[in-house]
Amino acid sequence: MEPIHFGDSSKPLFGTHHRASGATRRAAVLLCPSWGMEYMRAYRGQRLLAMRLAEAGYETLRFDYSGTGDSEGHSLDARLDHWLADIGTAARELRDLSGTDQLVVFGLRFGCLLAEAARLRNGLSASLQISWDAPASGADYVALMQKLGADNDILKQARRNRDMLLPPHADDELHAHAWPAALAEAVTALPGIAGDARRLWITSRDVNTPAPAAAATLATDEAAHWHDARWIGTPWIPAAPVARIVEHLKQVLP
Amino acid sequence: MSADLRETPYTFGEDCRLFGILTRPGVVNADRPVIVIPNTGIEHRVGPNRLHVQLARALAASGFCVFRFDISGLGDSDPPRGKSANASDDLKLALDSLGTRVTGAGFVLVGLCSGAHDIHQFGRDDPRVRGLLFIDGYTYSTPHFQRLLWTARLTHIGRSFRKLFAKLGEKLKPPTEDAPQGVDTDFVVWPPKAETQADYERMLARGVALGFVFTGDTQWAYLYTDQHIDAFPLLRGKAQVWFLPHIDHTLTRRKAREELIALVRHWLQGLSG
């Protein structure tokens, strides 16, 4: 595991490069994370996925979008266009690091929508798109974040004295994270994934977003609980599904 | 992040199994302590709602070097081989690694929740530690706390309102029977009061600056500003305590994060003269 900063040196992105061990395969994998609470919850799971991919011979890069995680930028300055450009920057970085042009773009949750938008709007080229638990659309994802934020507040307020209730969120916050109006508008307008790219569509047991017509599908046996506020504080570390996904990739991307 | 701040990610410890990010100001002032922030709960070094990132950058903008890192088994750090993970061991390795990278006047550790527990256990004995800031750390009852608690319980005007919340909360209670194996969500065991008192005596004898922040999510264990001073009179005049009932433990509101960051910065600047 090699932590790196890359991209524009005045506003670098933070990433972690997992070098392929053993026989290196032709494809490299770019992991596009989700956002907010899902990003936090899935951090260790994405690390596990990256490690297993690297052990299987795939050069792998995971990274944080600008204004999120360890990357440069204030959360209030986050914009959809920046995030789509970040995916392109990360793809170039991974091509440089791995020396391959055969790229797999692997999105998790909201990251699936971002990766698809980067493909459609910015011409991000990939030999395979992988979408794990993709939301139905940007609006669907935002509605879920609003619901989870409200549910989480109910849990918090229930434990507080009535004269010490929490103030409401600011208008530019979503589920405890900065959510400026321009970002909110752009994300809400993101369509669902219907593209004709070569795609692997992965779903957890409790996710039922319909797959695009041309996608190959892989259904895992584990529930992810993305829709349940009670699981916000529980890390998502899907060891068995990760093993299955990596085995599948070894078959389709030797 | 300001243009003159620099962030350096690095691995450290045996087998380079631990990971953290050092944030440095453009000009390092060697008279200032280096700030170290371990994890909060199970969240990686970014902290709850990115608090640790914002805190590190704000403090670096005020001239402090800040290191936030993942303890064993969290974020990008691996557990040790052949022995149990121990946050005190990790903190020691973190300070060792910083000793060769930055020059500063000792270390001040800032910990939230489980982080407060971790810095207490480590900071008790390590002579390099100059200050400790505990956010939602250990709480202990006092007679006045008991009076406030029972008064609130017995005379609560909005009792039915709260019951409604409680019912909704019960519906949303974590499904522990279905929780993943191996995930420990009960982070901290409070030490007996006498043990904590002895620890504070040792810290104060070494000249360690102590600060305590309690948020409103501790309100069934902490109900007034001086509760910790009343529980430990030896702290009177020697430690600072803040009770912030309007903010929550995971700082879900941006204003809460900004207020806490300002508080921490002010306290640290006071220590540094």
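Visitor: Which residues touch the most other members of the largest nonpolar core, and what makes a set of residues such a core?

Guide: In this predicted model, where local features need pLDDT of at least 70 and side-chain atom pairs count only at 80 or more, totals for chains, interfaces and linings use all residues. A:Leu30, A:Ile87 and A:Leu114 touch the most other members of the largest core, which has 74 residues. The greatest contribution to this core, 9 residues, comes from helix H1 (residues 36-55) of chain A. A second, separate core of 64 residues includes B:Phe12, B:Phe107, B:Leu210 and B:Phe212. The name applies to buried Ala, Val, Leu, Ile, Met, Phe, Trp, Tyr and Cys residues joined through C-beta atoms within 7 Å, and buried means that 20 or more other C-beta atoms lie within 10 Å of a residue's own. Residues are numbered from 1 along each chain as written, while chains are lettered from A and ligands numbered from 1 in written order.

Visitor: With which residues is A:Leu30 in contact, leaving aside its neighbours within four places in sequence?

Guide: They are A:Leu61, A:Ala90, A:Ala91, A:Leu94, A:Leu103, A:Val104, A:Val105 and A:Phe106, where contact requires C-beta atoms, placed from the backbone, within 7 Å.

Visitor: What makes S1 and S10 of chain A edge strands?

Guide: In chain A, 8 strands form an open sheet with mixed pairing, in the order S1-S2-S4-S3-S5-S6-S9-S10. Strand S1 (2-6) and strand S10 (216-219) each have a single partner strand, so one side of each lacks a neighbour in the sheet.

Visitor: How do you know that S2 and S4 of chain A pair?

Guide: Pairing requires at least two bridges found by DSSP, and strand S2 (residues 13-18) and strand S4 (residues 59-63) of chain A have 4 bridges, in the antiparallel sense; they therefore pass that cut-off. The bridge partner of A:His17 in S4(A) is A:Leu61.

Terms used:
A residue is buried if 20 or more other C-beta atoms lie within 10 Å of its own, exposed if 12 or fewer, and partly exposed in between; C-beta atoms are placed from the backbone. Helices (H or I, at least four residues) and strands (E, at least two) are DSSP runs, numbered from the N terminus. Two residues are in contact if their C-beta atoms, placed from the backbone, lie within 7 Å.
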